[in-house]
Amino acid sequence: MSTDTQTPKPARSAPASRADRAGRPTLGKLWDTWGITAILALLLAATPLVAPDFLEFSNLQSVLRESAYLGIVAAGMTFAIASGAFDLSVGGQLALVSVVTLIGYSAGGTALAVAAAVATGLACGLVNAGLITGLRVPPFVATLGTLFVFRGVAYILTQDGPKTLPYDQIGSPFVKIGGLNVAGIPLPFVIMLVVYGAAWLLLRRTATGRRILSYGSSPAAARFCGISETRIRIFVFALVGVSVGIAALTYITRVWTADGSAQDGFELKVIAAVVLGGTSLKGGKGTLIGTFSAVLLVSVLNDMLVSQGVPSAYQRIVLGCVLIVALTIDGLRTRFAAPGSFRRALSVLVQRPSPVDGA
Amino acid sequence: MTADNTSPEDPPLLHVDRLTVEFPGVRALDGVHFDVRGGEVHALVGENGAGKSTLLKVLGGLHRPSAGEVRLGGQPYRPRRPADALHAGIAVIYQEFNLYPDLTVAENVYSGREPYGRFSRGIRYAEINRRSAELFGILGVHIDPAATVDSLTVSEQQLVEIAKALSVDGRIIVMDEPTAALSADEATRLLDVVRRLRSEGRSVVYVSHRLDEVFAVADRVTVLRDGRHVRTAALADTDPDELVRLMVGRDIAAAAPRAGVAGDEVVLDLAGVSAGRQLRDVSLTVRAGEIVGIGGVAGAGQPEVSQVIFGALPITAGTMTFDGAPYRPGSPADAMAAGIGFLHEDRKAAGLLPDLSVRDNLTISVLGRLRHALTRLLSPAAQAGVFADYRNRLAIRTTGPDQLIGQLSGGNQQKVLLGRALAPGGRLLILNEPTRGVDIGAKFEIHQLINELTADGAAVLMISSDLPELLGISDRVYVLAGGQVVGHLTGADLTEENVIMCATTERRIFSPAGV
Amino acid sequence: MSAALRKAPLVVPLLLVVLFLALRTDSFLSGGNIENVLVNAAIVAVPGLAMTFCLAMGEFDLSVGSTVSLAAVVCCSAIIDGVPVLLAMLLALLAGALIGLVNGMVVTKLGVTPFIATLATLVIVRGLALAYTDGHDQIVSSPALKYLVGGRPLGVPMPILLAVLATALAWWSINRTRFGRWVCAVGSNREAARVSGLPVDRIRIAIYVLVGTAGGFWGLLIASQLQKGNGQLGLGFELDAITVVVLGGTALLGGRASVLGTVLAAVLIETIRNGLNLLNTPPAYQRISVGLLLIAALALLGLRRRVTAGPATVPAAVKEAVV
């Protein structure tokens, strides 16, 4: 325990757990932003030992390609969670958007398919926003309900069987969205990079981003700062919808087929990635760098397990455990330790959890 | 000399010896001595951050000391959890309410100690309802024990907290700012209850910012400053001036002198404004350069008046005029656009953005004009500029613009929020309880700042439950009761007696300068 | 009358649906069909009641669906391995309780948010069930296991009997006993519960164990119905359980519970499902109807809150809904 009493004490009356000297980048602060990235780097550094095949170029390409749709939706979801809500309907949205996109493609080619994807995603987001702001249904329930509804509509649209891309379309520009490489980098991953760049600017460098974080941090205080709850909600859920629209384009051009059951449980995967990245479920904090790294971490881990021949059942177990371990570190930190003191977090692991140890 | 039942040579009931409490990077208590005798009221005073709350939390079993010892009745007292403290007969009423809004009053009072049937395992509701009603009888209020707590007013909730502590039947009852949310009348009754507890031989540790209460009820007083013990004295041996000096560590004037000059130009005018059942037929004016106060007992409609003006509460009748034009805001955003700055009375619940930096907290109301003209992106430099401006002007003590606001002391948090209200540069400032929970030094600075603002021509509407503050810096005061204006005091009429008279009796006083 | 309606607002839509189905179909009112509906409702209601405690405490358990699968797998493979049926059922319940215990420990001792902790166990436990069965069905033929769903002691189908018992117990427990009030107290204000000296962590762990055990029981019922267990059972059941609780009117943020609401919601949902079947509606519409029902119920709640302005001290979030 620190006996360093000469330091200035600006925060005597503040809650004990917040009593660090901020301003300087401390280990804890760095961990907040870069912790998951560091774990990802460690994992990658270990790959030559564990899975030498992993580093093969074609394998790397496929990992990045597969991670794109999860990553793009996770970017949108980061905003929702930062605003203190989450969208449980993204799985239903992805299924519905994929089905509509395929219908659009068979009716009017690439242009119509792209337009249909984004428009359907946006429409789904606006439906959620309408329920939440107009009818005042809590976001959790509203999106739980629309999860059923969107999936149901997708089922109805595919009653005659799943929609698929015909094989003879392999040369069309639409299918190339999923297959093309730009300078060796898969196009879906390029799209994901662009999405994250834009999202980062939106969250960190615009008034809207500040307002979303403010609303997530304290809805009541935000209201008295002149921030409109309705606008925040509409913006955030529309954003999630659009992100699903973009993601569906990279998804459907990889798997070629969709029906109502596509990507069952997707919503939980997305939320897990965002939280793993370090965005707090309580709202008010959001880190896109963290989300990005978490998405890659999950994808890389998945790929390694597959390449090692681990049965898919065990892959689930490993991924679940990773989630718990990561969140445990985070939970211990926020509960017992000052944000500035990572050492303290480790000390809690070996000592009885208490604000201050007995004399 | 004092009213204790034991002679000073007897070992005290509670003895705190060289108590030190450390948090990472901060020593909240540093070798503090403190003792409580049987049957005495011992006041604990000090500025915010002096360590009072930490000491209480050690007694209540919420914090554990890093060094030092606490003895209770001669035995070592080391509570590991709140239940241990209750068991030992120490009941603590913390400053933050610790109530369950969804449960009934009686369930709250007897939480964790509910009597229950042996076979049915059912709680004996008849018994806890009756016993709760008896406790409220002692406190002189009528609160339905079967009502849910979320249906109570703030002062009723405070009384439930007090009843909870009384129900423990403890040897030592610790009260942290128990009158903060109470009306003058309720506060008086609470002080009677404290005296009654003493006469029953129980001890009370009484923490308060209000020195008049301390002198009215306590036998001894201990002053803490910066986590250290400064002095313990019998009340008879000291006076308020000395206590203030010991708390602050320097001499300080009681209230800042008025600097602003009231102009003639009417900035805000309310005519017959009503809002549902909460406000009825409220008329008032605020002129440029003027500080207008609003007073009254808790729950008389003061925050509602401010929220109507700020567009946070819809108006159901009457008209408002702002800057000479009809004014009807639909939301706080409208009010801000019109040029009104607002400070909420509840800093924690509706003021702070706890996850954001002090810079973001301060500039959130003016982000629109901190954008790059072409890209529409926020300019970090412009944000930093605005922040540096107010940091200097308000003397905000912070380690830097990126510090989280939760890490500042109450007074500095309040200054940041004042900066937020000022930043848009509006003509009218609505300040709800501008110095609530703020230590004396910061209070003085805030008063000075409000003065300077009016000297620059701003109009200030200040709502305060702190009577000396209300009377000390306001040019005029409106008194509210039951959502109506029941008094308008200026000049020589501006006295504590008149405010209390209007607020609590049928008498109406309208000074000649008139509404 | 109106007070009773306010306590159980689902009675009205339930009566309307029953009336509609009675008029539009020939078979709805037949004794066998009604019993069928009630049995299905009972099967959801029992875990729903446990989940009611969990939501009243202000927390979620998302791992229930996987627990169903694992419990069914444990029970069936034990029977296949020659374990006596009763013992096999007990093992399945134990497995559920153990998952609950793990959830509770992770949430309380490691400080992981319940949503995420149980999301992780959802993934892990399904992985365990899949790994254990290697993806194959564990098929049994056990009359004793069958009795759990098909038995009729006193002429009443077993699940209905169990559900009635569980409902009475849950109602008494949550409204009248210390434990139940403590659960609501934790849901209402956890910090206050800690300061009041309530054993908050033990209460939370107990609830997770309760939900886990109920999930295990759910798995037994499913295994009894299907006479098999596999890693795919119970997909999405966690949302079903939460849906009946929320639809029943238990506050999402904790502090209040509606036991009767949960049971009514289970009956309502199963009635609608049954009706859609009788009307030959494709299964896709069933999903939509459940979703719409959930939204409608909460929307009505939101609208009602908007009309009746609360007292001056309602929390800011609620106040916003009023304004």
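The legends below accompany close-up views of a predicted model.

**View 1. The six-stranded sheet of chain B.** In this predicted model, six strands of chain B form an open sheet with mixed pairing, in the order E6-E7-E8-E3-E9-E10. Its edges are strand E6 (90–93) and strand E10 (228–234) of chain B, each of which pairs on one side only. When direction is ignored, neighbouring strands of this sheet are turned by 15° against each other on average. Helix H8 (residues 240–248) of chain B packs on the sheet, where it touches E3, strand E9 (220–225) and E10 of chain B, and its direction makes about 30° with that of E9(B).

**View 2. Strand E8 of chain B and its partners.** Strand E8 (residues 203–207) of chain B is largely enclosed by the rest of the structure, because five of its five residues are buried. The side chains divide between two directions, with B:Ser203, B:Val205 and B:Val207 pointing one way from E8(B) while B:Val204 and B:Tyr206 point the other way. Strand E3 (residues 41–45) of chain B runs parallel to E8(B) and is joined to it by four bridges, and in this pairing B:Val41 stands opposite B:Val204. Strand E7 (residues 172–176) of chain B is likewise parallel to E8(B), with five bridges between them; here B:Ile173 has B:Val204 as its bridge partner, and B:Asp176 has B:Val207. Helix H6 (residues 184–199) of chain B lies across E3, E7 and E8 of chain B, running at about 150° to E8(B).

**View 3. A helix pair in chain C.** Helix H4 (residues 64–80) and helix H5 (residues 85–109) of chain C have axes that come within 8 Å and cross at roughly 150°, which means that H4(C) is roughly antiparallel to H5(C). The crossing of H4(C) with H5(C) is right-handed. Residues of H4(C) that include C:Leu70, C:Val74 and C:Ile79 meet residues of H5(C) that include C:Met89, C:Leu91 and C:Ile99. By class, this contact of H4(C) with H5(C) has 13 nonpolar, two polar and no charged residues.

**View 4. Chain A where it touches chain C.** In this contact, 45 residues of chain A meet 41 residues of chain C. On the chain A side, the elements giving two or more residues are helix H4 (139–157), helix H8 (219–224), helix H10 (266–276) and helix H12 (312–336). The residues on this side of chain A divide into 30 nonpolar, eight polar and seven charged. As context for the view, chain A has 13 helices and four strands, and buried residues make up 56% of its 359 residues.

Technical notes
Residues numbered from 1 in each chain as written. Chains lettered and ligands numbered in written order. Predicted model: local features only at pLDDT ≥ 70, side-chain atom pairs only at ≥ 80, totals over all residues. Axes fitted to C-alpha atoms, helices over the stretch in contact; angles between N-to-C directions. Parallel < 35°, antiparallel > 145°, perpendicular 65-115°, else oblique. Left-handed = near helix turned anticlockwise from the far one by under 90°. Contact = placed C-beta atoms within 7 Å. Nonpolar A, V, L, I, M, F, W, Y, C, P; charged D, E, K, R; others polar. Buried ≥ 20, exposed ≤ 12 C-beta atoms within 10 Å, placed from the backbone. Pairing = 2+ DSSP bridges.
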